[in-house]
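These are my notebook entries on one structure. I record what I looked up, topic by topic.

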Amino acid sequence: MNLINLLFGIGVGVSLGASAYAADPIKIGIPVGLSGANSVVAPSVVQASELAVEEINSKGGVLGRSLQLEIADDGSGAQGAQRAYDSLVFQKEVDGIVAMETTAARNAGLPIVNRGRVPLIYTSFYEGRSCSPWMYINAWVPEQQVAPIVDQFMSEYDAKKFFLIGSDYAFGRGMLNFTREYVESKGGTVVGESYLPIDGSDWTAIISQLRSANPDALITSTSGGAPNVTLTRQLRAAGVTIPYGNYAVDEGTAKSMGEDAEGIYIAASYISSIDTPENKKFLEAVEKKFGDDAKTPNELSVPQYEAIYAYAAAVEKAGSTNPVDVIDALGEVTVDGPRGAITMDKQHHAALTMYLGRVTGDGSVEVVRSFENVDPGEQCPQFAN
Amino acid sequence: MPDTNITVSRTHRAALIGCLIGLCVVAVAPFTLDIYLTNILIRTLLLAAVVMTVDILWGYTGILTFGQSAFFGIGAYACGLVFTHYGFGPGWAFAALAIALGVAAIVAAATGWLAFFHGSSPIYASIITLALPIVLTQVIYSGGSFTGSSSGLSGFPTYFWDLKVWFWIAGGFLVLTTTAGWLLVRSDFGRVLIAIRENEDRSAYLGIPVSRIKTILMVFAAMVASAAGFAYAAFSNVVAPELVGFQLGTELLIWTALGGRATLLGPVFAAIGIDTMSSWLSGAMPFLWKLLTGVGFVVVIVALPRGLAPLLTALWHRFWPKSNSMFTEVKITQAPASRMLRASFGDTPPLRIEHLSRRYGSLKVLSDVNLVGHGTELLGVIGPNGAGKTTLMRCISDGKERTDGSIHINNVEIGRCSPQRVVGLGVGRSFQNTSLFDTLTVAECLKLARYRLDGAKLFDRVDTVALPQPALDILKATGLDQKLSNETRNLSHGMKRGLELAMVLATEPSVLLLDEPTAGLTRPERMAIGEVLTRLTRDFGLCIILIEHDLDFVRAISNRVVVLHQGAILMEGTVEEVVASDLVKAVYAGHHEEEVA
Amino acid sequence: MGSVTFDVLTTAAILFVVSTGLMVILGVMKLLNFAHGAFLTTGGYVAYMAGLAGVSPWLSIPLASILGFLFGLVVERIVIRPLYQRPLDAILATWGLGIVISQVFALTFGRGVQFAPSPLSGTVDFLGVEYSAYRLAIAAIAILLAFALIGLLSLTRFGLNARAVIVNEDLARGLGIDSTKVRSLTFGLGAGLACAAGALITPLLSVDPNMGLPWLVNSFMLVLVSGVSFPSLLFASLVLGGTQVLVSTYVSPILGGMTIVVLAALILRLNPKGFSRA
């Protein structure tokens, strides 16, 4: 017991000593799925967060205070997220939260964020229309993602009949519902819409449906990982060659799938081959900081990187970490990052530049077209300014 | 003999004291805990109540359930759905709670119907409980914006009471349900549950409605879990499919196993401890933590099947030796004999078998057996091995066994009744190999046998067991009446047989089926049993069907003998007639070694 | 219509292949192996590693079965043998083992999705229908496997002993059959079959630490419905798998996902013996 007291004493002494010449750090909580479904992408998100904090701190921090990360595993689900948010909000008492999470985890965290009054920036693309006065979102929603692919198929391949395949969960259904509306508004028809349970990976029956419906183009929105890649492989094994848009594939997955992925269209707000000085600088910084351990930056890690800059900018603008002031400032600050200049001023969402990409034979993604500042549409009308 | 009233109330007093201490701890705790720990514990305490129900189902009754999370989730979703889509307020809250309990009860009853029936294997029942949360999760995923699909529902209106209030609700719920559970497993009914776990078949043949008890237990466990889920959702303001899923269901099992199954408090504390600890550790090393729990789980199952709790209690008893025996002294009283005499002296024979046949595939084990057993008659059934004697017994005691023909007990056709229903018609059956309940005491076994007639107290123990005269006779003859508090596994072989017979007689049968009741007994024990059997037919009007190899024994006590050969009745008559018959001699020619007494 | 027929046949073949290992163990040992899913996953990783090492994808299947067999022997000795008298505990122990195996894979290979090369790609024109070549190959392999297993059980010494243990273990031991050895070999065989099945289905799917899990419940149901007999397992795969395909194709793939579980549960409720004829 004495020993423990002694250790505690030393710890307190050290931290007091540190605060003597620097104000308390600003704590940013990062709830992320270190385990569970998101654990594949989580390391890149953590790296992006660490990089952003290091860069900001090396330039003197914010308001003379340094930034400090508190990372918590949300288990990619609701129960784990509640624990993570409890720990961040009530135990670590963080000043702000930057979260790349599943929708279930975000929903589970929101009541705690509301109770604890902590500003939250959500950095994962999602199915849209999640609104909380305490939350801002800097990633895409269906309104921004769907149009580039559908437009391309209609203009380039003269596609009229679309077939939609998804995993049966909120994101899969949300994306395809929007796609159906968009296709029909543009004069096309949806000749089939089929879902498999979220962990299902035997697409045999759906592929048979697809073949007998004989569509001009195919758009899929499955859960990431196994369901997505098995669908692609089984489509290829069944000899399906129509234009194929995939909402769930990212560059890394495309690369590992090899030739099966060739020709898949994706739409994204970030593709690593974006040719801007900011992106080049960012990629070099990742390489320099993490070397061989560097995880390829992606559609989920880059918004995370930018969101930490956004939080820092908002604190700077508000002049304190007072949550009410920071929340007001978050809707006004602009971050010029790898994805371009982004402001979360559209009903707590952001207009984004979207890129239409196509997977080439070696698994890399070539940018076919870009669409400047695509508006997220009516996401949270109650926050309209 | 100590005054039994004191011992009985001791259980209640212990429960009361434990309950009060628990409530005091719950009342004080939130003042000493920080917000974070309070938050974590509120959820954990609710889950611990669910773990408690898992222990009752699995630890005590032997139902390995993966699906208790389904009922937890049903409660949570009832709260989330009603508050999101229909309305919020005290009235709506009560309505939602009623829906939570009602739906959980209905689903549990349906699951019980699917999983538990006479002849269902425990593995099959387990798979059904595994399928339940999987199917339910799928239903939630397909629910679109109504159930919120994978995102669940969040931010619905709820009572944002102070954390302390929620802590008191969760803690109070846990303490009260656990107290009720504790009393339940220590009651006479709790012994019935253990009997089902130890020897389900034998329980059925004592007339205990095993499937019904399991289903009812499942329904109540489901309602407790559902109430916990309801509170969980109302507190955390979130419902998600994982609350229903089998991952949570297996976690509940793991906590139960680690804490020590069939200890009730062990799993509860294990749930609180492990869940709280995992909040700390899983963040630091998410995969390693899961790996370690997995390894720990396997090790405990293989090496410490009773979990960690017994280790702790053993340590406790080293410093705090047990002052008194756990077992209640039980007095035996005499039950009114009227039931036993019912119908047995009347005109209709208690047992009438017509055209009975039993086939296994193409193999005919019994064909066209016709037999009438009268009251006051002791009917010996003899025949070489494989003649179908035991199959005959089975067909009389289980309506699902026979392929063809009809059997009337006391003039009631048994139809396709399960064994426990047939017992209700008046059939008592003892088995070829003594099958008893190892960890129960003699008195508890006797109470068990009386369950069908006298029932069992749900939350209490009675200190008397009323037995009919013949059962009392057996106990006296074998000296069992002096060993009522002994566990049956410590009895001698003869005593076990005596106890089994006493248990069968305690069910007050009018037709008694005995499969080699004297096998392995000493000569004096045999004589004693023979006398009892003779008296049973003479004084109590029973019809006894006796399978025996020992012809001397049969000769000494039977009124009539039936010879079975290759599934058919070869001849019927007095012992002398049968023994003198050349036919029987021919049949028995190759089986002399078995006739040797 | 033609492709639906092929869907039914190949789906049944896959279900059969995936369930055989489970059934061998259940039949002889009266033990439901909850680690079956993890064994399938192991087979998937063997195929993945073999692909990395440049071994022919066809060879990865026998390779997986050998490794699975050895792994099964070890597991039987350490985890299963102490639990012969406690079948429900054995379920739990194998379940825990499944968690451990999948976590070991997650720690070693990461949680991400990996790929094993496919020995056959693309489609072939078979009986006038253009159909996935590899699925057809699996169907052929399933038929060969069924014959091989039936042969193993009816023609070999091990098969005879195993059948004796299935029918009456006490009697078999009385006849001088070393039932411990039979059990040990059986578990090895079951694990080997499961790993081979994992390697076999991987080219259609992908490899991740939980890839076996979705197959677990369906194979439990098939095995419980068919009792201990390869012909009735084949029959059950055809009937239940076929119903699944038809429901998925013509009604909804989501209902299709639940078809086997619900149908099997009802069949077993109405007739506890299922499709077995005993």
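**Entry 1: The nonpolar core**

I began with the largest nonpolar core, which holds 422 residues; B:Ala502 and B:Ile544 are the members that touch the most others. Helix 1 of chain C gives this core its largest share, 18 residues. I note here that the model is a predicted one.

I then looked up the surroundings of B:Ile544. Apart from neighbours within four places in sequence, B:Ile544 has contacts with B:Leu378, B:Leu379, B:Leu512, B:Leu514, B:Leu533, B:Leu536 and B:Thr537.

**Entry 2: Chain A as a whole**

I counted the elements of chain A and found twelve helices and 14 strands. Along its principal axes, the C-alpha atoms of chain A fill a box of roughly 75 × 45 × 40 Å.

How does the radius of gyration of chain A stand against that of a compact globule? For 385 residues the globule would have a value near 21 Å, and chain A has 22 Å, so the two agree. I also recorded that 59% of the 385 residues in chain A are buried. Among contacts in chain A with a separation of 6 or more, 71% join residues 24 or more positions apart.

**Entry 3: A sheet in chain A**

I traced an open sheet of seven strands in chain A; its order is 7-6-8-9-10-13-14 and its pairing is mixed. Which strands form the edges? They are strand 7 (189-196) and strand 14 (365-374) of chain A, each of which pairs on one side only. From one strand to the next, the twist averages 20°.

As background, I wrote down that strands of a sheet pair through backbone hydrogen bonds, in parallel or antiparallel fashion. I examined one pair within the sheet. Strand 9 (residues 244-246) and strand 10 (residues 264-268) of chain A run parallel and are joined by two bridges. A:Gly245 has A:Tyr265, in strand 10 of chain A, as its bridge partner.

Next I looked up helices placed against these strands. Helix 5 (residues 142-156) of chain A lies across strand 8 (217-221), strand 9, strand 10, strand 13 (352-359) and strand 14 of chain A. This helix 5 runs at about 45° to strand 13 of chain A. Helix 6 of chain A also packs on the sheet, where it touches strand 6 (161-167), strand 7 and strand 8 of chain A. The direction of helix 6 makes about 170° with that of strand 6 of chain A.

**Entry 4: Where chain A meets chain B**

How many residues does each chain bring to this contact? Chain A brings 25 residues and chain B brings 26 residues. On the side of chain A, strand 2 (67-73), helix 3 (78-91), helix 4 (103-116) and helix 6 (170-185) each supply at least two residues. Helix 3 of chain A has the largest share of that side, with eight residues.

**Entry 5: Where chain C meets chain A**

Here 27 residues of chain C and 27 residues of chain A take part. Helix 1 (2-29), strand 2 (129-132), helix 10 (230-250) and helix 11 (253-270) of chain C give two or more residues each to the side of chain C. That side of chain C has eleven nonpolar, twelve polar and four charged residues.

**Entry 6: One loop residue**

Finally, I looked up C:Ser252, in the loop between helix 10 and helix 11 of chain C. C:Ser252 and C:Val167 lie 85 residues apart in sequence and, C-alpha to C-alpha, 41 Å apart in space.

Technical notes. Residues numbered from 1 in each chain as written. Chains lettered and ligands numbered in written order. Predicted model: local features only at pLDDT ≥ 70, side-chain atom pairs only at ≥ 80, totals over all residues. Contact = placed C-beta atoms within 7 Å. Helix = DSSP H or I, 4+ residues; strand = E, 2+ residues; numbered from the N terminus. Nonpolar A, V, L, I, M, F, W, Y, C, P; charged D, E, K, R; others polar. Core = buried A, V, L, I, M, F, W, Y, C linked by C-beta atoms within 7 Å. Buried ≥ 20, exposed ≤ 12 C-beta atoms within 10 Å, placed from the backbone. Rg over C-alpha atoms; globule rule 2.2 N^0.38 Å. Pairing = 2+ DSSP bridges. Axes fitted to C-alpha atoms, helices over the stretch in contact; angles between N-to-C directions.
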